[in-house]
Each structure stands twice: as C-alpha cells, then as structure tokens.
Amino acid sequence: MLALATGLSVACAPQPGTIGAVVGQRGDGRLFLRDVPAGLAAAQAGLRPGDEIVLIDGVDVRTMTPERVHQALSGEVGDPVKLTVVRGEQVIRVTLLRTPPRRYPIKATPE
C-alpha cells in the first residue's frame, strides 16, 4: 500500500513552469528581460529583451530579493502570473501562463 501511495504522489506531482525568459536584476532592484526565447510564454505575450518588469502579481519588483523574484516567476505549468512591463514610455500589462522550461545548448566560443 505504501508503494502505491508513493507512486501516486510522484505521478501527480506538479510540473515546474517558467515565464520563458531570462531576467536580470540590477543593484537598485530594477528587473529587465535579457532574453525571450521563441515559443515560450513571454515571447507568446509579445515581450522583448530590454523590457522592464515593474510589477509581478501587483508587487513592486524593487522590493523583492532575487530569490523572491525567482519564486514569484516560478510555479506550476499552466498557472498564471500577471506582469506589468515598461517598454520606453509604454506600459504593458500581460497575464502569462507558465510553460515547461527548456534547455538551450551553450554556444561554443571560437578560439
């Protein structure tokens, strides 16, 4: 019975999700999109490298530690996360559905 219960909990474990973007946080707490790979949630929402995320689910990112930013952007695949983004003078509000993470090969640098 214990093995069956363990098997069920593993089979039903939530799949970790991501917004599908590489972000960088500056010393002043400002958060910017560094890369937005095609086919993932951020790209599907039209976000671009250089966009500044100012709010995650209504919370000012400047008040968040890097660990808290990671927690706020992570979650289960399909779960929503609301972002308020600034691009130039434009304010963009989007709700992303987290997607499964993908690994990208590291490009070798020429010697």
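These notes cover the pocket, a strand pair and the nonpolar core of a predicted model.

1. Basis. Local features need pLDDT of at least 70 and side-chain atom pairs count only at pLDDT 80 or more, while totals for chains, interfaces and linings use all residues. Residues are numbered from 1 along each chain as its sequence is written, and side-chain values use heavy atoms, without hydrogens and water.

2. The largest pocket holds about 240 Å³ of space. Its lining has 14 residues, and T18, A21, H70, L73 and S74 are the closest to its centre. (A pocket is an open set of points on a 1 Å grid where a 1.4 Å probe fits, with protein on both sides within 12 Å along at least five of seven lines; lining residues have an atom within 4 Å of a point.)

3. Lining. α3 (66-73) is among the elements that supply at least two residues each, and its 4 residues are the largest share. By type, the lining has 9 nonpolar residues, 5 polar and no charged. (Helices are DSSP runs of H or I with at least four residues, strands runs of E with at least two.)

4. β2 (22-25) pairs with β3 (residues 31-35) in the antiparallel sense over 4 bridges. (Pairing needs at least two DSSP bridges.) G24 stands opposite F32 in β3. In the turn of this hairpin, G29 has a positive phi of about 95 degrees.

5. Core. The largest nonpolar core has 20 residues, of which L47, I53, I56, L83 and L96 touch the most other members. (Its residues are buried, under 20% relative accessible area with a 1.4 Å probe, and joined through side-chain atoms within 4.5 Å.)

Note on methods. Points joined across faces, edges and corners; volume = space filled by probe spheres on them. Nonpolar A, V, L, I, M, F, W, Y, C, P; charged D, E, K, R; others polar. Buried < 20%, exposed > 50% of the residue type's maximum accessible area, 1.4 Å probe, protein only.
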